[in-house]
Amino acid sequence: MKGAIEYAPSTFEERGAAVAFTTPLLSQTRVRRGERSKLEVLIPALSQGSGIYVVAWKSVPEMVAMTMHDRYLHELIVGEESCSPHEIRRATLRAARKGLAGPQAAQAARRALDEDEEQGTLTHYLLILAILKAVGLESPEMLKAGIGTEEGQRLTRQLMTRAAGSLTLDATVLYTRLAEIAAVVSPVGLAQSPKPGRLLRCLNDLKSFRQAMQDWAREVPSDTSPVAVFCAEVAQHTIGIGDAVLADFHRRIEAIGPLMRGWDMEIVRIRDHATRMAWLLDGWSHITGAWELAQGEDRHHQAVAINELFRILPLLPRAESGRDLMADSRRVQSVQRRSVRMLEDWRTGVMDVEAIRRIETLKARAP
């Protein structure tokens, strides 16, 4: 283990991807590829100290008493090719589906996987309609028959073959590109979709969280108020970037004719936008979910929750923001230390069953 370092990442990859461990000491810590592509985990300094501890991934089970779920998740992440939010989420759902974080978390994981599949099917269908509309081949007969029926599929194949001709593409190429776009777009969601994608829902939840933090700071004057204000500011900064990325993302997809004709360049831009949205929102679903659960608590426990959320805020890397959020967080940290003095020091590594139960309750929500 390296000593505590000042942590000011330049890129999302350097910041690492948040991992939904159930062990309180490790909850929402971040994993990244370090020197010689070896995995390492970033743990906030113990006892509310400053800085970050960088720990070799293989050493984590020796350093921390991990739950069975976390040991299994730890092994799965080693087998992933990269440490992007997509790969980490996939490993997290596989671990939760085993039931090691409780039956409710297992059900939530299965539900999330089913929703992913449904969203992919819906996105694919909407993209077919968009292509047909772009070339003037909208078909009431196809819509009436339904794309899931044999007749609907026959009409779809006929129309898509004609659409390919209009776009001067081979029909097989058009179908292949359509499937590729659907896979990239599905986690974010289309602007015209009746059901927003997972990342779009996360962005909307973040907007609600921002407002909640602003309201809390105004209505509950205390040592925690500056922490809540900072949480709202970080959320707003993230939302501003997310809205801009999302607008260009949707604009490019809606121009589906030019997208198909300028495929080689356009698909790269669309893929980059989708990847950036995933990194931008990485870690926020845990925070917004935790705050939603805290709504049933009294003000004291809500203050405790805000201080804990401050510890794991996904601060934007320097290359993604014109503001030094890390320096701002250090200024807030002195206030945050005072407001958590009444709490037990949970960063000792001792297994806290009650804290684990709260984390497992949060995992019972669909990731």
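Analyst: We start with the sheet, then visit its loops and a few other places.

This is a predicted model, in which local features need pLDDT of at least 70 and side-chain atom pairs count only at pLDDT 80 or more, while totals for chains, interfaces and linings use all residues. Residues are numbered from 1 along each chain as its sequence is written, and side-chain values use heavy atoms, with hydrogens and water left out.

Four strands make an open sheet in the order S1-S2-S3-S4, with antiparallel pairing. At the edges stand S1 and S4 (52-56), each with a single partner strand, so one side of each has no neighbour in the sheet. Strands here are DSSP runs of E with at least two residues, and helices are runs of H or I with at least four, all numbered from the N terminus. Two strands count as paired if DSSP finds at least two bridges between them. In general, strands of a sheet pair through backbone hydrogen bonds, either parallel or antiparallel.

Now follow the strands one by one. S1 covers residues 17-18 and is joined to S2, residues 30-33, by two bridges. One place to look is Ala17, whose bridge partner in S2 is Val31. On the way from S2 to S3, residues 39-44, there are four bridges, again between antiparallel strands. Val31 turns up here too, standing opposite Val41 in S3.

What happens in the hairpin of S2 and S3? Five residues lie between the strands, and Arg36 takes a positive phi near 55° there. The loop between S1 and S2 holds Gln28, which also has a positive phi, about 65°, although it is not a glycine.

For a contrast, go to Thr168, in the loop between helix H7 (150-166) and helix H8 (171-185). Thr168 is another residue other than glycine with a positive phi, near 55°. At 71% relative accessibility, though, Thr168 counts as exposed.

Next come the aromatic rings. Rings of Phe, Tyr and Trp (its six-membered ring) pair if their centres lie within 6.5 Å; planes under 30 degrees apart are stacked, over 60 edge-to-face, and the rest tilted. By this rule there are four aromatic pairs. One of them is the stacked pair of Phe12 and Trp279, 6.0 Å centre to centre with 10° between the planes. Phe12 sits in helix H1 (residues 12-15) and Trp279 in helix H12 (residues 263-280), so the pair ties together parts that are 267 residues apart in sequence. Phe12 is buried at 5% relative accessibility, and Trp279 is buried at 6%.

Finally, how many disulfides does the structure hold? The count is zero, where a disulfide means a pair of cysteine sulfur atoms within 2.5 Å. Look at two of the cysteines: Cys83 is buried, with a relative accessible area of 8%, and Cys231 is buried with 0%.

Definitions and conventions: Buried < 20%, exposed > 50% of the residue type's maximum accessible area, 1.4 Å probe, protein only.
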